[in-house]
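Okay, thanks everyone, let's get going.

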Amino acid sequence: MNNQIPQVAIVILYQNDKYLMQLRDNIPTIAAAGCWGFFGGHLEPGETAEIALVREVIEEIGYELPSFSKFGIYPDERVIRHVFQAPLLVELDQLVLNEGWDMGLLTPEDIYRGDCYSAIANEVRPLSNIHQKIMMDFINQK
């Protein structure tokens, strides 16, 4: 049995002082179910965080990252999060949501308030606590 902590690669996608986030599926068995979070996912065996990030973003929204850089690492007892930052250089209608319930460009006000409306869910949904913390760190460092 492998006792290593799982690792994920996630990305802060930014465009005109807004941040593309995914409304995670409303499935109780997944992490941050029904909450706004980042695009990205688990590293496969032998995969670097950078390779996993590129693969996951293409799988989830069909977006080829033009460039990206490491923002930080956020570990806890359940997972190690490799956080990257990258510009979003296309309009939302050029992306295809293949994973998640919804996606949207959140404002800094949405981030600090900790929630955002989803037209698909037809309600205001919360940000995942850790993703809100990471976003606030990112905004405050700008």
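Before I point at anything: helices (H or I, at least four residues) and strands (E, at least two) are DSSP runs, numbered from the N terminus. What you're looking at is a predicted model, where local features need pLDDT of at least 70 and side-chain atom pairs count only at pLDDT 80 or more, while totals for chains, interfaces and linings use all residues. Residues are numbered from 1 along each chain as its sequence is written, and side-chain values use heavy atoms, with hydrogens and water left out.

Let me begin with a loop. N122 sits between β8 (115-118) and β9 (123-126). Its phi is positive, about 60°, although N122 is not a glycine. N122 is also exposed, at 56% relative accessible area. For the cut-offs: buried means under 20% relative accessible area, exposed over 50%, and partly exposed in between, with a 1.4 Å probe and protein chains only.

There's another one of these. A32, in the loop between β2 and β3 (36-37), has a positive phi near 55° and is not a glycine either. A32 is partly exposed, with a relative accessible area of 27%.

Now the helices. α1 covers residues 49-61, and its 13 residues reach 18 Å from first C-alpha to last, close to the 18 Å expected at 1.5 Å a residue. That expected span is 1.5 Å times one less than the number of residues. Which residues of α1 are buried? They're A49, A52, L53, E56, V57, E60 and I61. Down the axis of α1 those buried residues fall within an arc of 125°, so they line one face of the helix; the arc is that of the directions from the helix axis to the C-beta atoms. Covering them are, among others, β1 (7-15), β2 (18-23), β4 (39-42), β6 (80-87) and β7 (102-106). By contact I mean heavy atoms within 4.5 Å.

On to α3. Its 13 residues should span 18 Å, and its end C-alpha atoms are 19 Å apart, which agrees. H131, Q132, I134, M135, F138 and I139 are its buried residues, and they fall within an arc of 165°, so they line one face of the helix. On the other side of α3, N129, N140 and Q141 are exposed. What do the buried residues of α3 pack against? That would be β1, β2, β3, β5 (69-75), β6 and α2 (108-113).

Q85, in β6, is partly exposed at 22%, and its contacts beyond four places in sequence include Y14, K70 and F138. Q85 and K70 are 15 residues apart in sequence and 6.3 Å apart, C-alpha to C-alpha. Y14, in β1, is partly exposed at 31%, and Y14 touches F138 too.

The largest pocket has a volume of about 540 Å³. Of its 25 lining residues, V8, R24, A31, H42 and H131 are the closest to its centre. β1, β4, α1 and α3 (129-141) each give two or more residues to the lining. A pocket here is an open set of 1 Å grid points where a 1.4 Å probe fits, with protein on both sides within 12 Å along at least five of seven lines; lining residues have an atom within 4 Å of a point. Volume is the space filled by probe spheres on those points.
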